[in-house]
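Work through the exercises below with the sequence and the model at hand. Each task is followed by a solution in steps.

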Amino acid sequence: MSQENAVFPMQGRDSEELLKELKDRQKQDLNWREGRVFSYVYDAGPEAMSLLKDAFNMYLTENGLDPTTFPSAMELEKDVLRMALDLMNGGSEAEGSFTSGGTESLLLSVKTARDFARENKPEIREPELLLPETAHASFFKACHYFDVKPVVVPVDPISFTADPAAMAEAITPNTIMMVASAPSYAHGVIDPVRELGEIALEKDILFHVDCCVGGMYLPFAKELGFDTGEFDLSVPGVTQISMDFHKLGYAAKGASAILYKHGHLMRRHQYFAWSGWTGYSVINPTVMSTKSAGPVAACWAIMNKLGKQGYLELVEKTQAAADEIRGAIADIPQLNLLGDARMNLLAFSSDKIDVFKLAEQMKKRNWYIQPQFAFGASPANIHLTISHGNLHGFREFLVDLKECVQELDNNEAKAAMVELPEEIAALFENPSPQLFSDLAAMFGGDGSEPPENMDEINNLLNAMPHNIRDQLITEFVNRMFST
Ligand SMILES: Cc1ncc(COP(=O)(O)O)c(C=O)c1O
C-alpha cells in the first residue's frame with residue numbers, strides 16, 4: 001500500500017469511484033462466484049443472494065443492542081430461533097440465542113457450562129471440557145477465554161468419530177461438559193451422539209452437539225432418507241446445540257444460534273448485565289453489544305424464502321454432487337478418503353503425492369481446496385465442503401483434480417511430505433520470540449503479504465508440534481496484518 005493511500009484522506013471521494021475501487025480490489029480474491037471455492041462461501045443462487053442483500057440493507061443500521069427501541073429486530077430473532085428449534089426438535093422448554101457465528105455460539109456454550117457448574121456444582125474449582133480430538137478449534141478458544149481446561153480424547157483412527165468408551169473413561173469429577181460434532185468439520189463424519197448422550201446422562205454432565213456446519217443440512221438430509229444418525233435436541237442427554245445459518249442455511253455472514261434444551265435453566269448463564277456505571281444499562285444476551293440487525297433480517301428472509309421445500313431441494317442436489325465427488329476421488333488410486341463421510345464434507349489424504357502441493361497446483365487452476373495438517377490419527381489431508389455454489393463446476397473440478405494428481409505423481413516417485421530437519425527441531429526445544437519472528441520472515445519475505453506458494457511452508461508447519469506451529473502462525477499472520 002502506498003503512503004498516499006495509507007494515511008487518512010484529507011478530501012472525501014466520489015461514491016462511484018470508491019465502489020469501483022472496491023470492485024478492483026476484489027479481483028485479487030479467489031472467484032467464489034464460479035463455484036471454485038470448496039469452503040468459506042455458501043451461495044444459493046442469484047435470487048437468494050439478491051434477497052439477502054436487500055433484507056440486510058433494510059436492517060443495516062438498526063441496532064440489535066436495544067430490543068425496546070428496535071422490537072422488530074428482536075421479533076425477527078425470535079422467529080429465526082423458533083424455526084431453528086423446530087428443526088432441532090427442541091421441545092417445549094428449549095430456548096436459544098442468535099449469534100454472530102459458530103465461534104460465538106461455542107464461546108457462549110462453554111461460558112454457560114462453566115457458570116452453570118459454578119452454581120450447581122460449586123465444588124468444581126478447575127472445570128474441564130471433554131473434547132474428541134476432532135472438535136472444532138473454537139472450543140479451545142472458549143477454554144482459553146473462560147479458563148476451562150480442555151481434555152482431548154483420541155478418536156477412532158479409522159472412522160475419525162468419537163470413541164464413547166474413551167470419552168467415558170476420560171470423565172473426571174471436574175468434567176462439566178462433553179462435546180460431539182454432527183458432522184465434524186475436518187472429516188465430515190458424525191459422532192455417535194446417542195451413545196455419548198447416555199454417558200452424559202449417567203455421569204450427570206452437560207453435552208454439547210456441535211451442529212454448526214450440519215444444523216441446516218442434516219435435518220433435511222434425514223428427511224430425504226440419508227443416513228445421518230441422530231444429532232438433535234431430542235436425543236437423551238443432549239443439552240445444547242450450536243447451528244450456523246451462515247453456512248448451509250445460505251444466510252448472510254454473521255448468523256448462527258446456540259440452543260439449549262432446558263432454556264430456563266441454562267440460557268441466563270450466558271447473559272451479561274451491567275448498570276453500575278454512569279451510562280445506559282447494558283443487558284447483553286450474547287457477546288456483542290451494538291450490532292447490526294442486518295444478519296438476523298437476512299437470515300429470517302432466506303429461511304422464509306426457501307422454506308423446507310427449498311432446503312430439501314438444495315440438500316438433495318448437494319448430496320448428489322457430494323456422492324459423485326466422493327466416488328470420483330475413491331477412483332483416483334493415489335488418494336484415500338478419510339473416514340466414512342456421507343454428507344457434503346469430506347477429506348482425503350495420499351501416501352503417493354504431497355497433498356499440500358496438490359492444493360497449490362489446484363490454486364494455479366483457480367480452485368481453492370483446503371489443506372489440513374496431520375493431527376492425532378489424521379494424516380495431512382485436503383478438506384472439501386460441497387455446497388450449492390459448487391454444483392455447476394464440480395465436474396470440471398474433478399477433471400482438474402485428476403490431472404493435477406497425475407502430474408504430481410509423474411514428477412515425484414514418492415510423497416514429499418517432510419520431516420522437520422533436526423537443526424530446526426532442536427531450535428524449538430527452547431524457542432525465543434526472535435526465533436518465531438525470524439522464521440516468519442523466512443517464510444513470507446517482508447511478511448506484509450501472503451506468500452505465493454504455501455506448500456513448502458505447509459510441509460514444515462505440518463511437521464511441527466502444534467503448540468510451536470501455533471506460535472509461528474501467530475507471528476506470521478501478525479506480520480501479514482502489519483500496516
Ligand atoms: C463444526 C464447526 N464448528 C464451529 C465452526 C466455527 O464457525 P464460524 O467459522 O462460523 O465461527 C465451524 C466452522 O466451519 C464448524 O464447521
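**Exercise 1: a strand and its surroundings**

Strand 2 (residues 128-132) is largely enclosed by the rest of the structure, because five of its five residues are buried. The model is a predicted one, and the exercises refer to it as such.

Task: Determine which residues of strand 2 cover each of its two faces, and which strands pair with strand 2.

Solution. 

Step 1. Sort the residues by side. Glu-128, Leu-130 and Pro-132 lie on one side of strand 2, and Leu-129 and Leu-131 lie on the other. Buried here means under 20% relative accessible area.

Step 2. Take the pairing with strand 3 (residues 149-153). Strand 2 and strand 3 are parallel and share five bridges. Within this pair, Val-152 of strand 3 is opposite Leu-131.

Step 3. Take the pairing with strand 4 (residues 175-181). This pairing with strand 2 is also parallel, with three bridges. Met-177 in strand 4 is the bridge partner of Leu-129.

**Exercise 2: the ligand shell**

Task: Identify the residues that surround the ligand, and state how they divide into nonpolar, polar and charged.

Solution. 

Step 1. List the shell. The ligand is surrounded by Gly-101, Gly-102, Thr-103, Leu-106, His-136, Tyr-185, Asp-210, Cys-212, Val-213, Asp-244, His-246 and Lys-247.

Step 2. Classify the residues. Four are nonpolar, five are polar and three are charged.

Step 3. Assign them to elements. Helix 5 (residues 102-120) makes the greatest contribution to the shell, with three residues.

Step 4. Look at individual distances. A polar backbone atom of Gly-102 is 2.9 Å from a ligand oxygen atom. For the side chain of Thr-103, an N or O atom is 2.6 Å from an oxygen atom of the ligand. A nitrogen atom of the ligand is 2.7 Å from an N or O atom in the side chain of Asp-210. The ligand taken alone exposes 390 Å², of which the protein buries 84%.

Methods:
Residues numbered from 1 in each chain as written. Predicted model: local features only at pLDDT ≥ 70, side-chain atom pairs only at ≥ 80, totals over all residues. Heavy atoms only, no water. Buried < 20%, exposed > 50% of the residue type's maximum accessible area, 1.4 Å probe, protein only. Helix = DSSP H or I, 4+ residues; strand = E, 2+ residues; numbered from the N terminus. Pairing = 2+ DSSP bridges. Near = heavy atom within 4 Å. Polar contact = N/O pair within 3.5 Å; in protein donor to acceptor, adjacent residues only side chain to side chain. Areas by Shrake-Rupley, 256 points an atom, 1.4 Å probe, with all protein chains shown as cover. Nonpolar A, V, L, I, M, F, W, Y, C, P; charged D, E, K, R; others polar.
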